[in-house]
Structure formats: structure tokens, C-alpha cells
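Colleague: Could you walk me through this model? I have a handful of questions ready.

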Amino acid sequence: MLQPVSESHAVGETQLAAYRFMLRARLLDDKFAALYRAGKIHGGVFLGRGQEALSAAIGVHLNKSDVFAPLIRDAAGRLAFGEPIIDAVRTYLGSALGPMRGRDGNVHRGRPTEGYLPMISHLGAMVSVVNGVLFARRMKGISGIVGVACLGEGATSTGAFHESLNQAAVEKLPLVLVVANNQFAYSTPTSSQFACPDLANKAIGYGVESHSVDATDFSACMETVGAAIARARAGHGPQLVVATLLRLCGHGEHDDASYIAPEQKNSKLGRDCLKVAEDFLLKKEFADAAQIAVWRSEAIREIEEAVAQAQREPAPDPYEEKWSALSSEHLNELREET
Amino acid sequence: MPQISIIMPQLGESIAEAAIINFLVKPGDHVEGGQDLIEVETNKATMTVTAPCGGRIESFCAQLNESYAVGDVLGKIEATKEEAARFGLDLPTPAKSCDTDTEVISKKSRNATGSRVEPTVRGLPVPANASGASYMSPRLKARMHELGLSAADLAGIAGSGAAGRVTVEDFEKFMAHLDKQKLTRASSMRVAVADAMRRSWTRPLATVGLPVQIDAVLLHRKTCEPKPGPALYALRALAVALAENSAVAGRLVGTNIVHPSAIDVGFAVEAEDGVLVPVLRGADKKPLKELVIRYNELVELARQRKLPADATGGSVATVTNFGTFGLIWATPIPLPEQTLVLGLGAGRKMPHWDEAKGQFVPVMEAYLTLSFDHRVLDGGAAGRLLLRISDLMRQPEKL
Amino acid sequence: MAGDAGDLGVGCWMLDVGCFPFIPHMSITYLEAIREAQAHALRDDPRVFIYGQDVGAFGGAFKATKNLQKEFPGRVLDAPISEDAMIGLAVGTAIEGMRPIIEMQFADFSTVAFNQIVNQASTLFWRTNVPCPITVRLPFGGTSGSGPFHSQCLEAIYAHYPGLVVLTPATVEDAYSMLLSAVAIDDPVIFCEHKFLYYHLKAEKLPSEALPIGKARIAREGRDLTIVTYSAMVHEALAAADELATEGWQVEVVDLRSIKPLDTDTVVASVARTGRLLCVGEAWPWGGVTAEVIARVSAESYGLLDAPPQRLNAKDTPVPYHPNLWAAHRPTARSVAAAARKLIRF
């Protein structure tokens, strides 16, 4: 089950914890990329390389009683929210024992009754679902909680984004929308995605508060995301966080991202937030190189074990399947064409 | 009272005209709305034109076997205003009237206004070539299968459905009616023969006949021991003739004539409610006196229904001697897998003109009839075969 | 709780009713029955709430929620014009165990929420084993002058997707009992209420028992022809049957009640009696409910048919505005009778 980091840790402890989630996420992503190239994964592989700081910052500031709807590149946030590595590995490898039991795969995973919502592919669609969870809890008299929905800058073009943010604003829900503007939606650059000079300006249109952050800057992420979540939790209504970075991988591992110009990769925007975080921790003497090396090898071993385990597990059996999508068994139409 | 036009309806996509094949009512008749009036035929189906409303048939201007376009006026019905309104016909129709010029009543004419004809076809089409008693709906097929019946059994049932088809209701009425009449169980032999004859009849069969003088045969018979039956003479003659030209006993399969590989000839033996056909194998290769014993054996076995399996089947022609029933002439039906059946009638004393003596002289004469599958041979070849058989039978010592 | 009893699929919700709500009217309309059912649900189950445009103080565009906000404060809530977000929110609340009733103002607008209905709501249970007990009420079907965007029948589109239940009550009694069942069902239900029937159909009183969801009803017994239909077309079919009775034909009318699951057994049993099948639907022909019924009967019970199965639907164009055109666009008692006569005479 999910085991998130509690708020009572000192800031340094929290930053260390966040860094460790980033590191594990990066190594996990590397593992998935390797498995993909080895032909061991059905379907696509989608990495979060470059977005770990932003994602981990979200996860470490959430409580078990909060709601989280991560998206494609949130491996770090998922781990920080408490997802065990085996869940991710099982979903990618299609194990029948994973949370989606082979019915969905790769990043489409979650545990809804634990506040961890599994995404559907239609971008923007998860935000109103987070709204609904918050809405229901409020009706039940539960307060002091927050719901985070992650989006890319491309998703801000969808009608669903608009409807959901508007709805959250009208209902004054404690929603935090974290928009990772990584400059590309697949191959589409931001110049073809929106015309406003700064996505954060949209907040004014919806009547909500906004925050902007350089997502390559680890400590800035921790501070900004933490503040936005705190504002929402304190009842100030929806918060729009716009984080800027460069996507450091293809849209999926099938994409070589050759449309990204080298100048961008070599700019400040193209910094690797993991390296930035590492430098930060070393400078602050929150950790030393040896410690980091140990964490790295521990994480690698943990990942290897999870992969080995999942690969031994059974795939779903079509003959054991109850081929029905309704929970009400008696309403199933069992008209099979055999 | 308003006169409502009976118009050729839209019979289906891409159908532009239909031919009148039957008038079901006549002028002066009172009809109901929706009642079938005229049977028409398109290249796809037989359908009916129905009464647009109730009333009296005033006239038909369409003629039998003529084609009319969709939208053409075929006749008029006189109806009350209320009746017309009930069927939505109280609005003026754009259809052309009967008493204008003949332009309307011509082949391939089109509706001059170019408008779509409403309403669409009133009747559901019965598939062409399957109309009448031979069309069976899935339900009727299922029901008949349940009862072990086939399409031939429908022939006696009057159909009340479209194009005269037999509906399930018609069928059940017929079956209920049957129960009221005397029924005897048909033996399995009877059922088997019925099926064989039905299958045989699917081919175009024809018969030719020839009287043959059998005095020589009767004389020859007296000198033999055991005595061969007259039919055996005919059988042996047939075998010899077929050995000379086997094509006439061939089977048509697609575009090939399949020649027989051996001249095995069968002969009909009546056996209790049916006919069995034992076979003399290679009848062309053995002279008559060698065939007699086997022939008599087979007749006895057949009568007792004890024919072994290898003694029947696989013959290329059959001989039937209905003369034993006193019949002088008949048109037998070949077995379904054979092309020929040779029939022998009863011998009679007949006057025969003797040119040399200048008078009639008595001779024993019997008719040979040959029924054949007309797809494989024509009358000429059949006639030549009969002539050859006749010649052979007039020289029985050579058989 | 009413919800648990609903799992049995029988009208067991009635077991929970201690005292039948007293309705002071002599008769009750289809619309009032829907309002009563919602009041009943709100009263009995604190997990139920209603969310839609203008449903609060205004009582809804058709007054289906009139006075309900007053009686149940905080449970009948106005939504912005955001059908997508409305359904997304409903799914979120369902994950938390609530039982939302979403009122779409017109079925025609539900297509804005199509993605959330067919990709979010209908797949949740299959993907995650967490049920999604939402009810989406669609005012559907044509009335004179409503035009292309206030008349659509979308039951076949939703029925196509796995994971949805689609209901089409044709009577006042069914509008009441089936809406209560819809709320009790643990799966997403598309509840199609016919706008024409709202005010035109009346009953003397609400029912105390009901056929289970998934069972069709024989609305009229007959032996010469079977008409399978649903919602407002049931009434057209009954009128056509009356007309044919004067000509000596007894037509059987089957009211499907629920489109998905579809009660093929009752349909097949009727065709076994009559041998002739006419399916009538107000929706468009391509891939409609009528096509589905005929496909099933033809595939599974071919040997029962004494005539080719036929269907009658609206014309394959958007629903027209002008009453002349509208009257010809969809099946009416007259066109149903004409189609039936054709089939009877085959």
C-alpha cells in the first residue's frame, strides 16, 4: 500500500526524501527504457526524464488522505505518493497481479479508492475527476485535504482543462493544477500550442491563484509546489502552478525527439534537475557522494528484484477472464460469438 | 365519389419498371385497403400492387404481360371520401390519369414529373424463381425438417401468402386436415423409392419406343435349360449394344460425359411395396446361357429381400419388365444415378404386313421403351440404341 | 441501504420503503414520476445527489427537480455549462462512494460529455475493479418544433460501449421504478426519458412493484405479428395494433424497457408465437436498436421466421424542425400499421 512521507519531517529531511524518490524514478525509467529496447514490453514506454524534481516535490507534500492524479511523466511523484515500485513494474510487464491486472498498461495505473487516480489517455479528463473526489469529500464533511492533477502544457489547450478548472474555481475546490511546460507536446512546440505569453496568466481568467517555477531548480520546485499545496489546503481555492523545463526524452521511447534543437538541450532550460538536486544536496551537505552511491545501488537492486519477480508472474488468462465490464453480474449480456 | 389511382409503386432500389403477370381482381369488385390487386414481376422478384384504400375497382388500364414504369397509373378505385382520408389519399395526386394519351402506357416510359413515387413498395418481395409453392421460409423449412418432409410434399398445399407461397399457417392447417383423413404409414422402402424417383426427375427425361418381334426369342427359349426370362434377352442385348457404344450410358457431370467402366446392368424386381435392382456384372462379357443361373438366383434373393450388398448398385443401366403385369407400354424412370432404363412390355400376337406374301401374318410383338436423360443423348441416339437391341433380339442364338 | 438491495436486480428497492409517499394528485405524469423517484432516492440514501444545469432553485428545464433543492438543501446543485466536467466530477464522487444523478439538459448535449461517459465512467470498473454508480438522465426524443439539436435518440450509441446500462422507460410506472433501480445499480446508467411523454403520459398512481431491469414487457398480446419497440414508440405501436385489430389482425407489442441489457429471450419467445417481426425505433436506422434486435433474432432464431424481419426507423437525416417534416421523419401509428400490413401479407 501507499506509504507517503509525513509533513512532520524537517525541510532538509523532506528534500533528501524527495531527492531519493527522484533518483529511484530516474533509475526505474532507465530500466523501462532498457526493457523496451530489449523488446520485453508490449506497447509504449513513457519516461519522465527531466521532470523528476517537479513531480517528487508534489508527492512529498501530499498526505495519504489527499488525492493525486499524476500523468505520463510522474514516476517520481507516484513513488513519493507511496506507489510501490512493484506496481509500476507489474503494470509495464503486464502481470496479472498488477493494479490494472493487464487491462491497461504502462502509465495508466492507479488505486482509485486510495486517492491515487489512474489516468485515461484523453488529456485534461482527469482534472474533473479530481474535482469530483474533492467535491464528495467535502459533502461528507472532510476538510483539510488537497487534490493535485498533473498536466502538460499541451493539455491546457483542451476543452476538458477549461471546463474542469472553471468548475473547480466556481466550486472553490482545493485543487492544485500542476502544468509541466516542457516545451513540446509530442513534436508540437509551444508556439503552436498557445498564444498567451505566459500560461500562468490563464489563472486570472479563471479567478484562481497562480505560481510559476523553474522546474530544473530542485529547491525552487520544493518551495513553490509546497506553497501552492499549502494555499489550497488552507482554503484559498484552486492553485495553478506553471513549471518550465525541457523534456529530456522522446514523447515515448519510440520517438527520437530529433525535432528538439541542440541549442535548447544545451541551454539552462535543458539542465538535468537530478544533477541540479544532487549538487544542491552536496553543497548543503545534506548528503555526500558515498551516500548517494549507496542509494543508487540500493535502488538498482530494488528495481532488478521487482523486475525479476514480475517477469515470473502469470500473464492474464483470457479463458479465466470474466469478459464483462459491468459490476452488476446479473445485467451482463453474455452473448458470445465463439 | 373520388377516384383514386392505383399506381405502380417504388418496388426497390434501382427497379424502374415491372411487368403485369396476373390480375387478382376485376373491375366491379369491391376491395379493401391493402388488398392484393395485381401481381407484377421485376427482374428480381414477384411482388404485388395493393389497393391504396378500400372501394370498388372502377377500371384497369394496364394490360397483362406489359411493362409499366414506377409511378404509372394502372387503374382506378372508386372510394368514399372518408376511406380516402383514412389512408391519407385526400390530397390531390400528381399521377397521370388513365384516359390521357398512350404515352403513359408504353414500355420503359418514365414518370414525366420526375418526382419520387411514394409510398414505397407495399409488398415484401418473394425471391424470383422461388415464388409459389416452392418457396419455403426458414420457419417452414424448420417445421418440415421436424416432420421429415421435403419440398415435393408442398406440392399439394394451397398457399395464401405473397405470390402464392405456403405460409406456416397454411402448412399447419394442411397438416391438421391430414390428421382427419385415413393415414397409412409408408414403409421405409416406399420412402426410399420416393426419394430416388424425386431425385431422378430433376433431369429432363424422354422416352422412345419400338415394337420388336420376339418369335425368335420365344423359339430359342424353348431350347434352353434352364429357361431364360424374356427380360434377360433384352438385358443381354442391351449389354452387347452398350459395349459397342458406351457413350449413351454415360453420365453428364458438368461438361464431361463420364463413360461407364464396366457394363454392369441391373434389372427391376418387384419386392413388397417397392422395387429392388440386382445387378449382373460384366453382362457384355458372358453369353446368355452363362447369365441365366445367376439371374435366377438374384431374382429369388431379391424377392426374399436377401440381396447381398455387392449384388446391387454400380450398374450403368436397368431393364424393367412390366410386361409381367400385362402392360404393353410404359415410360419407366431411370435410377437417379443412371442415364438409361429399358422397358419390356407384354408380348401380343399382332398382325404384321408381309410384303412378299401380300398379306398380314401373325407375329409375337412386344414394345421396347427406352427412357433416357435427354441431356446425355437425343432421340436419334436413343432410337439407334433401340434398333440395335431389336436386331440383337431377333438373333437370340448370338446373344 | 437501498443500494445493496439494488444489486439483486429485482425491484427490491421497494423493500426499503416503509411508508409509500402520499401523492395528493388524482393522476401523475411521466415527468412527475421522475421527480418523485429522485425525491425518494434523495430521501432514502445520503449518498445520492443531483448535479446539472438549472436543476437547483429553478427546478430544471423540464421541472424534473422542482422543489427538490428546497427539500434537500446541498444535495441538488447547479453546474456550469460543462458537460465533460459534470461527468468527470460524477465519476470522482462515485469513486468516493457517492451516487450522483447527472441531469443533462437535453440528450443532444451529452455528446459534449461523450469522452467522459464512454472512456472514463464505462471503463473504470473494468480497469480498476472499482464500480462507478452514476446515473445520467437524458431527456431524449422528439417533440414538435424541437429541431435537430433537441430531439436526438442516442441510446444505440451508448449501448455500443461495454460497461454501460441503457434504460428507456415507456410508461409512467417504469419511469418511476426504473429510475430508482438506475440509482441503485452499481454501474453507470444512461437513463433515457422521453420528452414527449413527460407531460402527455399520465397514470393513476405509482407502482408498488416492477419488472426487473433487463426484462422486456409484453405490452399487448397477439399472434399474427410481433412489434418490438421502446419508449414513445410503444404508444405508436399500440395505436397501430388497435387499427390492425379492426382488420382482424392481432399484433403483439413488446416494450423492451431496457436497451442494454436487451431481453432477447422475451423477443424470441414472441417471434416463436407469431413468426413475423417488425422492429420500430425513433432513432436513425444505421446500427440502431432495431438493427441489433433483428441481428440477434436472425442469428439465433432463424428458423422461427416465416417472413423476413423488418425495421422501421426515423429517416436518415437530422431531425427536422417544421412539424410537416417532423411528422414524416419518424415512425407514427400510421406508418407502423402500414409496415405491419406489409409483413402480415407476406
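Colleague: Happy to start with the core: which residues touch the most other members of the largest nonpolar core?
Modeller: Keep in mind that this is a predicted model. The largest nonpolar core holds 212 residues, and helix α1 (residues 11-37) of chain A gives the largest share, 11 residues. Chain C takes part too, with at least three residues from each of domain 1 (2-203) and domain 2 (217-344). The residues that touch the most other members are A:Met22, A:Val130, A:Leu177, A:Val178, A:Val241, C:Ile227 and C:Ala340.

Colleague: Let's look at one of those. Leaving out residues up to four places away in sequence, which residues does A:Val178 touch?
Modeller: A:Val178 is among the residues with the most partners in the largest core. Not counting residues up to four places away in sequence, A:Val178 touches A:Leu54, A:Ile58, A:Val148, A:Cys150, A:Val225, A:Val241 and A:Ala243.

Colleague: What share of the residues of chain A counts as buried?
Modeller: For scale, the C-alpha trace of chain A spans about 60 × 50 × 45 Å along its principal axes. Among contacts in chain A between residues at least 6 apart in sequence, 73% join residues at least 24 apart. Of the 338 residues of chain A, the buried share is 51%.

Colleague: Now the contact of chain C with chain A. How do the residues on the chain C side divide by class?
Modeller: In this contact, 38 residues of chain C meet 33 residues of chain A. On the chain C side, α4 (83-95) and α5 (114-128) each supply at least two residues. By class, that side divides into 18 nonpolar, 13 polar and 7 charged.

Colleague: Which helix gives the largest share of the side of chain B that touches chain C?
Modeller: The contact takes 14 residues from chain B and 14 residues from chain C. The chain B side has 6 nonpolar, 6 polar and 2 charged residues. Its largest share, 4 residues, comes from helix α2 (residues 138-147) of chain B.

Colleague: Within chain C, which elements each supply at least two residues of the side of domain 1 that touches domain 2?
Modeller: The centres of the two domains of chain C are 26 Å apart, taken over C-alpha atoms. Across their contact, 24 residues of domain 1 meet 21 residues of domain 2. The elements of chain C that each supply at least two residues of the domain 1 side are α6 (155-160), β6 (165-167), β7 (189-194) and α8 (195-200).

Colleague: Last one: is C:Leu31 buried or exposed?
Modeller: C:Leu31 sits in helix α2 (residues 30-44) of chain C. Leaving out residues up to four places away in sequence, C:Leu31 touches C:Phe62, C:Lys63, C:Ala64, C:Tyr198 and C:Tyr199. The cut-off for burial is 20 or more other C-beta atoms within 10 Å. C:Leu31 has 23 of them within that distance, so it is buried.

Key:
Residues numbered from 1 in each chain as written. Chains lettered and ligands numbered in written order. Predicted model: local features only at pLDDT ≥ 70, side-chain atom pairs only at ≥ 80, totals over all residues. Domains from an automatic or database assignment. Contact = placed C-beta atoms within 7 Å. Nonpolar A, V, L, I, M, F, W, Y, C, P; charged D, E, K, R; others polar. Core = buried A, V, L, I, M, F, W, Y, C linked by C-beta atoms within 7 Å. Buried ≥ 20, exposed ≤ 12 C-beta atoms within 10 Å, placed from the backbone.
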